[in-house]
Amino acid sequence: MNYQIKRATLEEKEILNNLMQFYMYDFSEYMDLHLEENGKFNDYPLNDYWTEESNFPYLLTLNGKNAGFVLVKIKNRDDDLYFSIAEFFIIKKYRRVGLGR
């Protein structure tokens, strides 16, 4: 398995935004998410991942193909900093092959 996890650049924001549509589609089964009149889900607030130093957007690829993303934030609890996965997504085609480990 040839996978890569790399920090998404601002130029790759559109890729992450497009993958987010599939993420919201999957979660619409469990959450109160609805399509807008244009046939898309509302845009996820991704801008902070390029403007806030404590946020990190990552793209996942498998064999050179886009496979998902991870959105990570640094949190502070009682003066103890830790990394928190805010969102994690792998498209269905690449699930259950070990990419999420």
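Predicted model: local features only at pLDDT ≥ 70, side-chain atom pairs only at ≥ 80, totals over all residues.
Figure 1. The chain carries 13 positive and 16 negative charges, and their mean positions are 10 Å apart. Lys and Arg count as positive, Asp and Glu as negative; His and the chain ends are not counted. Each charge is placed at NZ of Lys, CZ of Arg, CG of Asp or CD of Glu.

**Figure 2. Fold and packing.** The protein chain has two helices and four strands. Their order from the N terminus is β-α-α-β-β-β. Helices (H or I, at least four residues) and strands (E, at least two) are DSSP runs, numbered from the N terminus. Among contacts (heavy atoms within 4.5 Å) between residues at least 6 apart in sequence, 50% join residues at least 24 apart.

**Figure 3. Close-up of Asn55.** Asn55 belongs to strand E2, residues 55-62. Asn55 is buried, at a relative accessible area of 6%. Leaving aside residues up to four places away in sequence, Asn55 touches Arg7, Asp48, Tyr49, Val72 and Lys73. A polar atom of the Asn55 side chain lies 3.3 Å from the backbone oxygen of Asp48.

**Notes.** Residues are numbered from 1 along each chain as its sequence is written, and side-chain values use heavy atoms, without hydrogens and water. Local features need pLDDT of at least 70, side-chain atom pairs count only at pLDDT 80 or more, and totals for chains, interfaces and linings use all residues.

Conventions:
Buried < 20%, exposed > 50% of the residue type's maximum accessible area, 1.4 Å probe, protein only. Polar contact = N/O pair within 3.5 Å; in protein donor to acceptor, adjacent residues only side chain to side chain.
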